[in-house]
Amino acid sequence: PRFTSEGPIRPFIEAHPEVTFEFLRRWLADPDEHVRRLVSEGTRPRLPWAPLLRGFIADPTPCFELLDALVDDPSLYVRRSVANHLNDVAKDHPDIALAWARQWQPRGDDAAWTVKHGLRTLVKQGNPGALALMGVDVDAKVSTTGLSLDADEIAIGQDIAFTCTLVLKEPRQARLVIDYRVHYMGARGPKQPKVFKLATREAVADEPITLTKRHALVPVSIRTLHPGTHRLDIQVNGQVLASTEFELLSVV
C-alpha cells in the first residue's frame with residue numbers, strides 16, 4: 001500500500017513461484033487497490049520498466065487465474081493493469097489473449113472495457129479476431145475518395161495535417177475502426193509503421209465520412225526523427241486503403 005512493488009516482486013516469482021503465487025492469490029481479495037494491482041502488474045510478462053518474466057512470455061497461462069479474478073475489479077486502476085497484462089500476452093500469444101478475452105467480455109461493462117483496452121495492439125494490427133470482438137465487420141467494403149496533406153515538406157518539430165474521406169459500400173451499416181500509420185525514417189532506412197488511433201465510426205452506406213488530423217513530428221524519448229521520405233497510410237478495419245508521402249526536413 002505504501003510503495004509500488006511490481007519490480008521487486010519479480011525475482012520472487014522466478015525463484016519461488018509456488019510460495020509467491022500463494023501470496024498473490026491471497027492479495028486478490030485485499031481491500032487496497034494498490035495490493036490487488038500488484039497481483040496483475042507484478043506478473044506482467046513484458047513490464048517495460050522491469051526485467052522480463054521469460055517464463056510467462058513462453059507460457060502465460062499460470063497467470064490466468066489471477067487476471068480472471070481481477071478483470072472486472074471495481075477499481076479502474078486495477079483493470080487498467082489487467083488490460084496491460086492482456087496486451088503483453090497478445091504480443092506473444094494472440095490466440096491465448098483472444099481466448100481469454102472471449103471468456104471475459106460478456107461479464108459486463110467493466111470486463112468489456114478491460115478487454116477492449118487489452119486488445120489494442122491486436123486491433124491496430126488488424127487482427128480479425130480482435131476486431132470481431134470489438135463489433136467490427138472485417139468484411140465491410142470501404143473506399144476512399146481522397147487523402148491529402150496540408151504540405152509536401154515540413155521540418156522536424158512541426159506538425160502536418162491530413163484529411164481523408166471514407167465511404168462504406170457494403171453492408172448498409174458497419175462499425176469502422178479507423179487508424180493511421182506513419183512510416184518513420186530510421187538511421188538505416190524506413191522503419192516498421194507506427195499505428196495511431198484516428199476514430200471509430202458507425203458508418204452508413206454511401207454516406208461519406210471526412211476526418212482531419214494534425215500529427216506532430218516532434219522528437220520524443222522513445223523516437224528519434226530522421227530527415228527523409230515518410231509515408232502515411234489510412235487503415236480501416238485492419239486494411240490499408242490509402243497512402244501518401246511527405247518529406248521531413250532537418251530542423252531549421
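Visitor: Why is Asp68 called partly exposed?

Guide: Its relative accessible area is 22%. Buried means under 20%, exposed over 50%, and partly exposed in between (1.4 Å probe, protein chains only). So Asp68 counts as partly exposed. A note on the source: this is a predicted model, where local features need pLDDT of at least 70, side-chain atom pairs count only at pLDDT 80 or more, and totals for chains, interfaces and linings use all residues. Residues are numbered from 1 along each chain as its sequence is written, and side-chain values use heavy atoms, with hydrogens and water left out.

Visitor: What makes Asp68 and Arg107 a salt bridge?

Guide: Their side chains meet at 2.3 Å, N to O. A salt bridge is a side-chain nitrogen of Lys or Arg within 4 Å of a carboxyl oxygen of Asp or Glu. The pair therefore qualifies.

Visitor: Why is the contact of Arg214 with Asp150 called a salt bridge?

Guide: The closest N and O atoms are 3.8 Å apart. That is within 4 Å, so the term applies.

Visitor: Which parts of the chain does this pair link?

Guide: Arg214 is in strand S8 (residues 209–216). Asp150 is in the loop between strand S1 (141–149) and strand S2 (153–155). They are 64 residues apart. Strands are DSSP runs (E, at least two residues), numbered from the N terminus.

Visitor: How many salt bridges does the whole structure hold?

Guide: A search finds 14.

Notes
Helix = DSSP H or I, 4+ residues; strand = E, 2+ residues; numbered from the N terminus.
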